[in-house]
Amino acid sequence: MHSRFLQTCRGEPTDRRPVWLMRQAGRYLPEYRAVRDKTSFLELCATPELAAKVTLQPVDLLGVDAAIIFADILLPLDAMGAGLSFAKGDGPRFEHPIRSREDIQALVRPDVHASLGYVFETVRLVRAELNGRVPVIGFAGSPWTLAAYAVEGGVSQAFPELLRWSYEDPQAVRQLLDLIAEVSVEYLHGQIEAGAQAIQIFDTWGGLLSARRWREIALPALSRMLESIPGEVPRIFYMRGSAHLLDVLRTLPIEVLSVDWRMPLDEVRQQVGPELVLQGNLDPCALLASPDVIRAEVEELLARGRGGGHIVNLGHGILPPTPPANAKAFVDAVQSAAP
Ligand code: CP3
């Protein structure tokens, strides 16, 4: 299959840079809201026909160079027995927060085909419907980021329960991360067997840790997860707030490093060297401004990304108030630019 996205992941030259958006299927699209109005978020994830339909919306509407499966990083925690729900207008909530060694013992090792097989079915449907148009990205959360939600019981600004526990009993937290990684490996393999052509790991909260503690606590389980992915499937690692960790991230077993918007891409490149492909890193808030501003920002980003492989994306997920026309202006600006 000819794909600028996969070629760039492999470090091969292309006629122009590929572009997609984190959270590209979502609430900023009226077409998504129309589907979502009739079903809950978790039901939408668990209904492969509908999940496939919303996965394809940004491919058809924006013309992005890759599709990412519609699902959520938190689904495996639900399968492990943590009791995930999404209240209306609220973030995720866990009925059974994990805060002790006993809580870890009580978690189940799920059969991923029985409990998460609907995600694999979505991958199959999307691959069939795309018929080679663009490749399909599968994904999972990093063990640390999943633990952050599981321990806190939901969203948080500062994750105090998790951080307290990680100081009091780092071994228990590492044990939790190991268990999450084991389940995630099987979950990712299921996605790859179903047809996912690249894998992205989302580490939204890794940046909470100091460099020393990230190495000690978060890195071992993450590395095992990354190493388990078969060689022909490119691995993308996204971290929010990673500027203090670039010297360790450059040594991860990955092909693509995806960074947030805080550090200009040429400075990231200086720190990670020429080999890694970079992904990012427009500020999602820039898409709230006018198309003229967006085009100027894209030009700036493309110039700063010139020193090596570059997949154009945002530095974090697209925001719900983004006008779809602005997302389209972003994609068009990248696709019509010189390489
Ligand atoms: O990118 C895509 O289009 C694919 C689908 C996808 C979703 N979530 C759908 C979703 C992906 C890749 C994710 C990743 C995800 N989920 C992350 C990592 C990336 C990041 O944004 O930091 C995290 C931390 C989550 C956990 C999560 N899911 C939260 C905190 C929330 C509530 C806040 C929010 O943004 O709504 C969700 C819900 C969620 N996941 C929605 C979507 C489309 C909104 C659900 C709705 O329709 O109401």
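Visitor: What makes the second largest pocket a pocket, and how much space lies in it?

Guide: On a 1 Å grid over the protein atoms alone, a pocket is an open set of points with protein on both sides within 12 Å along at least five of seven lines. The second largest pocket holds about 260 Å³ of space, where a volume is the space filled by probe spheres set on the points, and points are joined across faces, edges and corners. Its lining has 18 residues, and Glu-12, Pro-13, Gly-308, Gly-309 and His-310 are the closest to the centre. This is a predicted model, in which local features need pLDDT of at least 70 and side-chain atom pairs pLDDT 80 or more, while totals for chains, interfaces and linings use all residues. Residues are numbered from 1 along each chain as its sequence is written, and side-chain values use heavy atoms, without hydrogens and water.

Visitor: How many residues line the largest pocket, and which are the closest to its centre?

Guide: The largest pocket has a volume of about 1600 Å³. Its lining has 48 residues, those closest to the centre being Arg-23, Arg-27, Phe-41, Asp-72 and Phe-86. A residue counts as lining if it has an atom within 4 Å of a point. By class, 27 of the lining residues are nonpolar, 11 polar and 10 charged. Here Ala, Val, Leu, Ile, Met, Phe, Trp, Tyr, Cys and Pro count as nonpolar, Asp, Glu, Lys and Arg as charged, and the others, Gly among them, as polar.

Visitor: What makes a space a cavity, and how many cavities of 30 Å³ or more does the search find?

Guide: In a cavity a 1.4 Å probe fits but cannot get out. The search of the whole structure finds one cavity of 30 Å³ or more. The largest cavity has a volume of about 40 Å³. Its lining consists of Ser-242, Ala-243, Leu-246, Val-259, Asp-260, Met-263 and Val-268.

Visitor: Why is Gln-279 called buried?

Guide: Buried means under 20% relative accessible area, exposed over 50% and partly exposed in between, with a 1.4 Å probe and protein chains only. Gln-279 has a relative accessible area of 0%, and therefore counts as buried. Gln-279 is placed in strand S8 (residues 277-282), a strand being a DSSP run of E with at least two residues and a helix a run of H or I with at least four, numbered from the N terminus. Beyond four places in sequence, Gln-279 touches residues including Phe-5, Trp-20 and Val-259, contact meaning heavy atoms within 4.5 Å.

Visitor: Why is the pair of Tyr-149 and Phe-159 called edge-to-face?

Guide: The structure holds eight aromatic pairs. Rings of Phe, Tyr and Trp (its six-membered ring) pair if their centres lie within 6.5 Å; planes under 30 degrees apart count as stacked, over 60 as edge-to-face and the rest as tilted. The ring centres of Tyr-149 and Phe-159 are 5.8 Å apart and their planes stand at 90°, so this pair is edge-to-face. Tyr-149 belongs to helix H8 (residues 143-152) and Phe-159 to the loop between H8 and H9, so the pair ties together parts 10 residues apart in sequence.

Visitor: How do you know whether Tyr-149 and Phe-159 are buried or exposed?

Guide: Tyr-149 has 11% relative accessibility and therefore counts as buried. Phe-159, at 0%, counts as buried too.
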